[in-house]
Amino acid sequence: MKAARELLSCRSEHLHRRHIGRWASSFAPSQRVVTEVDASTGVAKVTLNRPDKLNALDVPMFEAIAKTAADLRSDRSLRAVILSGNGRAFSSGLDVVSVWTVLAMLLHN
């Protein structure tokens with residue numbers, strides 16, 4: 001199990017925030033989730049950011065969603081969270097090939 005956590009940890013993408021005007025924003029081309037928080041309205045916009053794969057959910061995406069949820073949960077000024085997908089689809093669902101590859105590697109170790 002320790003090897004599984006280490007493997008997932010290596011693939012994890014962390015959420016970083018910078019303040020731009022009235023918005024706190026996080027974005028890097030490789031990030032799976034983009035978060036914008038409007039402090040004046042208390043609304044966070046969370047966008048799944050894997051448009052080339054129709055925002056299919058892989059292990060790094062699940063990790064990024066969990067990290068984002070934990071970060072937002074601690075912000076008591078938030079009143080609402082809007083979840084959307086970048087590109088032409090919200091999400092096509094589970095990226096079976098990607099998840100199966102991780103599981104196969106874990107089973108072989």
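Accessible areas here come from the Shrake-Rupley method with a 1.4 Å probe, and on that basis the accessible surface of the protein chain in this predicted model comes to about 7,000 Å², of which 60% belongs to carbon and sulfur atoms. Buried residues make up 34% of the 109 residues in the chain.

Let me turn to the fold. The chain has three helices and five strands, and from the N terminus on these elements run α-β-β-β-β-α-β-α. If we take the contacts with a separation of 6 or more, 57% of them are accounted for by residues 24 or more positions apart.

Asp58 pairs with Arg32, with 2.7 Å between the closest N and O atoms, and because Asp58 lies in the loop between β4 and α2 while Arg32 lies in the loop between β2 and β3, the pair ties together parts that are 26 residues apart in sequence. Arg50 and Asp95 also meet through their side chains, at 2.9 Å from N to O, and this pair links distant parts of the chain, with Arg50 in the loop between β4 and α2 and Asp95 in the loop between β5 and α3, 45 residues apart. Are these residues buried or exposed? Asp58 and Arg32 are both buried, and Arg50 and Asp95 are buried as well. Arg32, Arg50, Asp58 and Asp95 are, moreover, linked in a network of salt bridges.

Helix α2 itself, residues 59-73, has 15 residues and reaches 21 Å from its first C-alpha to its last, close to the 21 Å expected at 1.5 Å a residue. Its buried residues include Val59, Met61, Ala64 and Asp71. Asp71 forms a salt bridge with Lys67, the closest N and O atoms being 3.0 Å apart, and since the two are four residues apart in α2, they are separated by about one helical turn. Lys67 counts as partly exposed, because its relative accessibility is 30%.

Finally, the surface. Phe62, Leu94, Val96, Trp100 and Leu103 make a nonpolar surface patch of about 530 Å², to which α3 gives the most, with three residues. Leu103 lies in helix α3 and, at 41% relative accessibility, counts as partly exposed.

Technical notes. Residues numbered from 1 in each chain as written. Predicted model: local features only at pLDDT ≥ 70, side-chain atom pairs only at ≥ 80, totals over all residues. Heavy atoms only, no water. Expected span 1.5 Å × (residues − 1). Buried < 20%, exposed > 50% of the residue type's maximum accessible area, 1.4 Å probe, protein only. Patch = residues over 30% accessible without salt bridge, like charges linked within 9 Å, V, L, I, M, F, W, Y side chains within 5 Å. Salt bridge = Lys/Arg side-chain N within 4 Å of Asp/Glu carboxyl O. Contact = heavy atoms within 4.5 Å.
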